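Dear colleague,

I am passing on the structure we spoke about, and below it I have set down what I found on going through it. Please read the notes with the coordinates open beside you.

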Amino acid sequence: MLERVEYIEERLQTLSSASPNDAINGGRTNQRIIVGSLLIDHDARRVFLGDTEIYLSPTEYRLLHELARNAGKVVLYRDLMRRTRGGYAPDSRYLKVYVGRVRAKIAPHAEDSPCQVETVRGVGYRLVA
């Protein structure tokens, strides 16, 4: 556990000391997103909530990453469908299933790290911290 805390502290220190130009490497952005106590290290494809690593499937990861990129804003259902499944889904209810899975994986850590996916009925979802 101490290793994870040190890893997160090192990542945050690197992020705070890097200039915007340091993040660009060969046209690729070294992307880390922080929303409250949620940390998404896009290069390593790792997600941490507080000091706990959250293991997500590829679709769950894309969904959470898209919501984190737009933290505090509502992301429309159709935009999430397009960005997480390439626009194709046999049934739009699949999005509810994956949001439910992401919520279930975040919920055990919610008391320490109040980060949650809110439903904006009839419109989309929003990640709040």
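This is a predicted model: local features need pLDDT of at least 70, side-chain atom pairs count only at pLDDT 80 or more; totals for chains, interfaces and linings use all residues.

Beyond its neighbours within four places in sequence, the residues in contact with E66 are V75, L80 and R83.

The sheet I looked at is open and has three strands in the order β7-β9-β8, with antiparallel pairing. Its edges are formed by β7 (75–76) and β8 (116–120), each of which pairs on one side only. Between β8 and β9 (residues 124–128) there are five bridges in the antiparallel sense, and Q116 has V128 in β9 as its bridge partner. Helix α4 (residues 93–106) packs on this sheet, where it touches β8 and β9, and its direction makes about 150° with that of β8.

As for α4 itself, its 14 residues should span 20 Å at 1.5 Å a residue, and this agrees with the 20 Å between its end C-alpha atoms. Its buried residues are Y94, L95, Y98, V99, V102 and I106; seen down the axis of α4, they fall within an arc of 135°, and therefore line one face of the helix. These buried residues pack against β5 (46–49), α2, α3 (77–85), β8 and β9, whereas the face of α4 turned away from them carries the exposed residues R93, K96 and A104.

Definitions and conventions. Residues are numbered from 1 along each chain as its sequence is written. Side-chain values use heavy atoms; hydrogens and water are left out. Two strands pair if DSSP finds at least two bridges between them. Helices (H or I, at least four residues) and strands (E, at least two) are DSSP runs, numbered from the N terminus. Contact means heavy atoms within 4.5 Å. Axes are lines fitted to C-alpha atoms, for helices over the stretch in contact, and angles run from 0 to 180 degrees between N-to-C directions. The expected span of a helix is 1.5 Å times one less than its number of residues. Buried means under 20% relative accessible area, exposed over 50%, partly exposed in between (1.4 Å probe, protein chains only). The arc is that of the directions from the helix axis to the C-beta atoms.
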